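Subject: Structure handover

Hello,

Please find the structure below, followed by notes on what turned up in it. The notes go element by element.

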Amino acid sequence: MLSASANKLSKLKEQAEEYASLIMEELDPENFGYIELWQLETLLLQRDTYMNYSRPLSTASVGWSQNLSSVRPKSMFRRMCFKLRCLLLENWRRGWVLLLWIMAMATLFVWKFMQYKNRAAFQVMGYCLCTAKGSAETLKLNMALILLPVCRNTLTWLRSTKARSFVPFDDSINFHKTIACAIAIGVLVHGGSHLACDFIRLTNAPPEKFALIASDFSHGKRPTYLELLIGILGITGIAMVVFMAIAFILATSHFRRNILRFPAPFNRLTGFNAFWYSHHLLGLVYILLVIHGTFLYLSHQWYQRSTWMYIAVPLLLYMGERTVRACRAEHYSVKIFKVSVLPGDVFSMVMLKPQGFKYKSGQYIFLQCPSISPFEWHPFSITSAPGDEYLSVHIRTVGDWTRELKRVFTEVNDSPFVIGRARFGGPGYIDNNCQPKLLVDGPYGAPAQDYRNYDVLLLVGLGIGATPFISILRDLLNNSRPEDQMDLATEMSRSDDSWNSLASSNYTANSSLTIGGKKKSPPRTRNAYFYWVTRESGSFEWFKGVMDEVAEMDHKGQIELHNYLTSVYEEGDARSTLITMVQALNHAKHGVDILSGTRVRTHFARPNWKEVFRKIASKHPHATV
């Protein structure tokens, strides 16, 4: 009990008597009713002999005993070349995109700068005007480009093309933020040049110099500084700066993630909702931008007023995306099979897959519950496999929306939903009249969906972040089952006791699918190593069914599972030695890990990542990991 308390394992404290009797059974086979200290010491020292039960699932196999020092170059020069090569391999796609973007901005700035340097207005306002116009041209480009990284449907489609090999779609949001920073700099340069320099030079210009550009102004009259500010250009420009400043500030991490704490009612300025709604002010910004670019003082020909040319296509694309998403969401109103409350403030939702809804493992969907908010959409990774006839997500309650979603689906009177550990069986009959409406938008592309492009997978999930990899594991297991398992899977599908049985039946029904009259090509992936790191032992309940299924059905040894519990002191520490010993004895007798409740051994503390990387590289020297 002391060991369980020191390692924050309340579940083990409840079973302390059972595990104590397990030790007595091991050390007192003659039933004397006592053991001596040397016997317990011997058992503790020989704990490694009891850990062999989990070698196939959670430790290194024979191939990992090779000399790991051969993986890295020995000389300093070769090490530097190796590091440089790795740096280039990791960043060359980001590099060429950023270089192209910077060159485009520089080219536009110089072109517009030189254009205005050769005009009469340069004699009046000098380099201030050239700088303002050059920065304005980069702003037009960036106001167009910033929409592209948030066109999720387009990016999802592009991920399935050859463009994924040279465009870093995984960095789309980072590129969006980088462009936003460039826009902020451009606004400061453009607005500062106008307000602090060329407006002043214009209003104080001698009459003979102003005469050079008098035809560009109304009635040939020189405007005052105030007239420039309250004119169409001044008002639209200032309004755009104010709206963009609000959206930019509320999008920063301190505001968006509720790091800053304000008293009521200013606390509404922080959090995701403030970020989401303030970003819609940018719709007004684009309207003002078109007006601002139409009523220019020094440009009179339609082709010189080029703002609309830059933003027309990206804006139409983005508006089309929002329209498609709205229409699709209404079409993808799903029926809920079951909602299960799990340990660690997590609940799972299993819903009927909408007709025509196709996705890949690793992708995610957006959910909206109109009874909570008709505007809010929240993303969640899909945990079911593509071959299943249902969709499932696991949701952690970390905000007001997720807490309300859990309440709506689990605390309704006469609710058909289940509270307890997830056991997904047949859908049964659910009265749609008493079921809250749930809308689905997606699926959308994510980095993990490209797992089929690799020979070996290293899947690392932290807590609830393991959700996309559960879908991948299920898909790999479905695709790797030998033919002689099909009849067994069919028999299993007749049982409605678990999620696993439902997946088995779905796989059986879909295992003979063809594309264009041809059988699907075999997947490239040969091995997968799944490392799941969590701080709460109750988390293992979330995906217990998948763990058991892998242990039972993965006869080829294709998948290795490694659970790590960080609340327990590392293996070898005196405070966790007794837990390790009981863990070994229990599995030797019952074949079940005492912490996860599965056949997969739970390791303590955090993984040694450098060692993990080296071992996998050593075991698969000629594979793409």
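I start with helix α18, residues 400–410, whose buried residues are Trp401, Thr402, Leu405, Lys406, Val408, Phe409 and Thr410. The cover over these buried residues includes the strands β2, β3, β4 (364–368), β5 (378–381), β6 (390–396) and β7. As background to that spacing, residues three or four places apart in an α-helix point the same way, because there are 3.6 residues a turn. Please keep in mind throughout that this is a predicted model.

Overall figures

The protein chain has 625 residues, and 46% of them are buried. It contains 24 helices and 13 strands. Taking contacts between residues at least 6 apart in sequence, 75% join residues at least 24 apart.

Cysteines

How many disulfides does the count come to? The count comes to one. The disulfide joins Cys128 to Cys197, with an S to S distance of 1.5 Å in the model. Cys128 sits in helix α8 (residues 121–145) and Cys197 in helix α10 (residues 172–203), so the pair, 69 residues apart, links distant parts of the chain. Cys128 has a relative accessible area of 15%, and therefore counts as buried, the cut-off being under 20%. Two further cysteines have computed accessibilities. Cys369 is buried, at 0% relative accessibility, whereas Cys81 is partly exposed at 35%.

Backbone details

Two cis peptide bonds are worth a look. One runs from Ala264 to Pro265, with omega near 5 degrees. Pro265 belongs to the loop between α14 (253–256) and α15 (272–279). The other runs from Gly442 to Pro443, with omega near 0 degrees. Pro443 is part of strand β7, residues 438–444, and β7 also figures in the cover of the buried α18 residues.

There are also non-glycine residues with positive phi. Asp345 has a phi of about 60 degrees and lies in the loop between β2 (336–342) and β3 (346–352). Both of those strands are included in the cover of the buried residues of α18. Asp345 itself is partly exposed, with a relative accessible area of 47%. Ala605 has a phi of about 65 degrees, and its place is the loop between β13 (602–604) and α24 (609–619). Is Ala605 buried or exposed? Ala605 is buried, because its relative accessible area of 14% is under the 20% cut-off.

Surroundings of Ala466

Ala466 is in the loop between β8 (456–462) and α19 (467–480). At 0% relative accessibility, Ala466 is buried. Which residues does Ala466 touch, leaving out those up to four places away in sequence? The contacts are Gly461, Phe530, Trp532 and Phe543. Of these, Phe543 is 77 residues from Ala466 in sequence, while the C-alpha atoms of the two are 9.5 Å apart.

Nonpolar patch

Ile232, Leu284, Ile287, Ile291 and Phe295 make a nonpolar surface patch of about 440 Å². Helix α16, residues 282–294, gives the most to the patch, with three residues. Ile291 is placed in that helix.

Record annotation

The UniProt entry, which is unreviewed, lists residues 95–114, 228–255, 275–298 and 456–473 under "transmembrane region". I compared two of these ranges with the model. Over residues 95–114 the chain is 100% helix and 0% strand, and the end C-alpha atoms are 28 Å apart. Over residues 456–473 the chain is 39% helix and 39% strand, with the end C-alpha atoms 13 Å apart.

Regards

Terms used. Residues are numbered from 1 along each chain as its sequence is written. This is a predicted model: local features need pLDDT of at least 70, side-chain atom pairs count only at pLDDT 80 or more; totals for chains, interfaces and linings use all residues. Side-chain values use heavy atoms; hydrogens and water are left out. Patches are made of residues with over 30% relative accessible area and no salt bridge: like charges are joined within 9 Å, nonpolar side chains (Val, Leu, Ile, Met, Phe, Trp, Tyr) within 5 Å. Accessible areas come from the Shrake-Rupley method with a 1.4 Å probe; for residues, only the protein chains shown count as cover. A salt bridge is a side-chain nitrogen of Lys or Arg within 4 Å of a carboxyl oxygen of Asp or Glu. Helices (H or I, at least four residues) and strands (E, at least two) are DSSP runs, numbered from the N terminus. UniProt positions are given in the numbering used here, feature names are shortened, and annotations may be inferred rather than shown by experiment. A disulfide is a pair of cysteine sulfur atoms within 2.5 Å. Buried means under 20% relative accessible area, exposed over 50%, partly exposed in between (1.4 Å probe, protein chains only). Contact means heavy atoms within 4.5 Å.
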